[in-house]
Amino acid sequence: MTDTSYDTRLGLLIDGEWITDRETQPVLDPATGATLAQVPLATAADLDRALDAADRAFKSWRAVAPQERAAVLSRTAALVRERADRLARLATLEEGKPLAEAKGEVMATAALLDFHAGEAVRIYGRVLPRPVGTRSLVLHQPVGPVAAFCAWNFPVMNPVRKLSPAIAAGCSVILKPSEETPGAAVEILRCFEDAGLPAGVAQLVFGVPDAVSRQLLASPVTRKLSFTGSVPVGKHLLKLAADTVMKTTMELGGHGPVLVFDDCDLDRTLDILVQHKFRNAGQVCVAPTRFHVQQGIYERFAQGFAERTRALKLGNGLEAGTQMGPMANPRRPEAIAGLVDDAVGAGARLLTGGTRAEGEGFFFAPTVLADVPLASHAMNEEPFGPVALIGAFATADDAIAEANRLPYGLGAYCFTENGRLQNRLGDEIEAGMVAINTVRLSWGDAPFGGVKDSGFGSEDGPEGIAAHCITKAVHIA
Ligand code: NAD
């Protein structure tokens, strides 16, 4: 019998106080559909209090020495590592991903905190050459209180990607993670608290998303919006942010093209792509989505992909040996079923999967479709699920045109041994991140973000800290 006990006390963290006695909404276990817990929802008065605390905390936190900000982040990283098993288990319970994936997410999260600890003391400005006795300085100062909203797909990493660069830069943050995965976020805030982060610097709220974002973004206290989620919600929030002309970082959806050329190392390419495609049941913004394969290896690629996919073990993420868990919520299998039916109706060949799995929970079988018409919905809308879409191309020009066809531009993948072509792909693909002969796009020290409808402003890397700073020129005569 799998132990599904959920031993975290959910609450809102406002001005250093944990609040639990509010109206609630249920948190579901995606592997069974059962209710795990109830998450409290903030009232308008709670949000006003959080804004007031964020304003006060910003004024004191920005004055704290960068070395002390770095020390808090390092201590948080150590606590995240110490509590890794508990954090990973919560992420699996709430979101469904296999435990080993959740553990990997926790370790990457600790590494990101360590990276930001290092960066906190490297927010360098410039001194410009001027006549003796005079100076011009360029300063990078924290932008102010941040309103941050993030999705459910990485319950541990997503909150930290918002909090860590803001705290390193000297900002305060009000974070609203997904109400569907609140426990991991609560435990992350406890790590920050136990590491000595002063009250009000990082606050946690849950609520009715639209009401929370409207109130926080309308306030003159909020100086930055940081959002991870879908393109339509991102566009809506950008419009709200325009009213107070605030700084923004938008990490929105993608439709990752994968260009596979005849000269690639086919077995290695298939091994890493199948594993990466079905990571987190395909619910990853940089998931490889449409696989464009050169004609010479097309059928071998499609059959090899399907064969490896059939071997994947679908199950409860808490159980040993599970390679793909359920989808995170009941909306996802519903959406994927619609996209698969539409593609098959338009002429796609179903090589494996295509159905919701039997029983309770939000499962959908890992699915491979070949010869998928470009006009089908799945080839144009972000599926955000365990479905691989395969189609053929003839020349490099055709492949690049296809990679650039959609309004998305987040992650793109290419597999070829031809060095000249690798350079061309890096130059010409319209994406924030291009991976060549690898699937790893997220490194902590490298900028992570998109172009076109996939958003703008990088998270991670020194760029992620710069996104939380204003630039000021000071001229002294
Ligand atoms: P959704 O757009 O309804 O929600 C995505 C996230 O945004 C949720 O966490 C939700 O709480 C939040 N949100 C929704 N409305 C909001 C508002 N008005 N103000 C503030 N936050 C708000 O979509 P969904 O059904 O939960 O997920 C499916 C879609 O989300 C996918 O198609 C995918 O594009 C996108 N998504 C993207 C990422 C990413 O990493 N870029 C992550 C998860 C989901």
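In what order do the strands of the open sheet of 7 strands stand? The order is E14-E15-E16-E13-E12-E17-E18, and the pairing is mixed. Helices (H or I, at least four residues) and strands (E, at least two) are DSSP runs, numbered from the N terminus. Two strands pair if DSSP finds at least two bridges between them.

The model is predicted: local features need pLDDT of at least 70, side-chain atom pairs count only at pLDDT 80 or more, and totals for chains, interfaces and linings use all residues. Residues are numbered from 1 along each chain as its sequence is written.

The edge strands are E14 (349–352) and E18 (433–436), each of which pairs on one side only. Neighbouring strands are turned by 20° against each other on average, direction ignored. For such angles, axes are lines fitted to C-alpha atoms, for helices over the stretch in contact, and angles run from 0 to 180 degrees between N-to-C directions.

Strands of a sheet pair through backbone hydrogen bonds, either parallel or antiparallel.

| Pair | Sense | Bridges |
|---|---|---|
| E14 and E15 | antiparallel | 3 bridges |
| E15 and E16 | parallel | 3 bridges |
| E17 and E18 | parallel | 4 bridges |
| E6 and E20 | antiparallel | 8 bridges |

Leucine 350 stands opposite leucine 369 in E15, valine 368 has alanine 388 in E16 as its bridge partner, and alanine 412 has valine 434 in E18. In E15, Thr367 and Leu369 point one way while Val368 and Ala370 point the other way, and all are buried. A residue is buried if 20 or more other C-beta atoms lie within 10 Å of its own, exposed if 12 or fewer, and partly exposed in between, with C-beta atoms placed from the backbone.

Helix H10 (residues 298–310) lies across E12 (256–260), E13 (288–294), E14, E15 (367–370) and E16 (387–393), and runs at about 45° to E14. Helix H11 (residues 331–345) packs on the sheet and touches E14, E15 and E16, with its direction at about 30° to that of E16.

**The sheet of 3 strands**

Another open sheet has 3 strands in the order E5-E6-E20, with antiparallel pairing. E5 (126–128) and E20 (469–476) stand at the edges with a single partner strand each, so one side of each is left without a neighbour in the sheet. The twist averages 20° from one strand to the next. Leucine 139 stands opposite lysine 472 in E20.

Helix H3 (residues 84–95) has 12 residues and reaches 16 Å from its first C-alpha to its last, close to the 16 Å expected; the expected span is 1.5 Å times one less than the number of residues. In H3, 9 of the 12 residues are buried, among them Leu87, Leu90 and Leu93. The elements that cover the buried residues of H3 include E3 (24–28), E4 (35–40), H2 (66–82), H4 (99–120) and H6 (182–194). Glycine 96 follows H3 and has a positive phi, near 105°.

In helix H7 (residues 209–218), the buried residues are Val212, Ser213, Gln215, Leu216 and Leu217. They pack against H1 (44–61), E7 (146–149), E8 (173–176), E10 (224–228) and H8 (231–242).

Is aspartate 267 buried or exposed? Aspartate 267, found in helix H9 (residues 266–277), is exposed because 11 other C-beta atoms lie within 10 Å. Its C-alpha is separated by 8.8 Å from that of phenylalanine 301, 34 residues apart along the chain.

**Core and domains**

The chain is divided into domain 1 (12–252 + 452–476) and domain 2 (256–436), with bounds that come from an automatic or database domain assignment. Their C-alpha centres lie 31 Å apart. In the contact between them, 18 residues of domain 1 meet 25 residues of domain 2; two residues are in contact if their C-beta atoms, placed from the backbone, lie within 7 Å. On the side of domain 1 that touches domain 2, H3 and H4 each supply at least two residues.

The largest nonpolar core has 150 residues, of which Leu369 and Ile390 touch the most other members. H4 gives the most to this core, with 9 residues. A nonpolar core is a set of buried Ala, Val, Leu, Ile, Met, Phe, Trp, Tyr and Cys residues joined through C-beta atoms within 7 Å.
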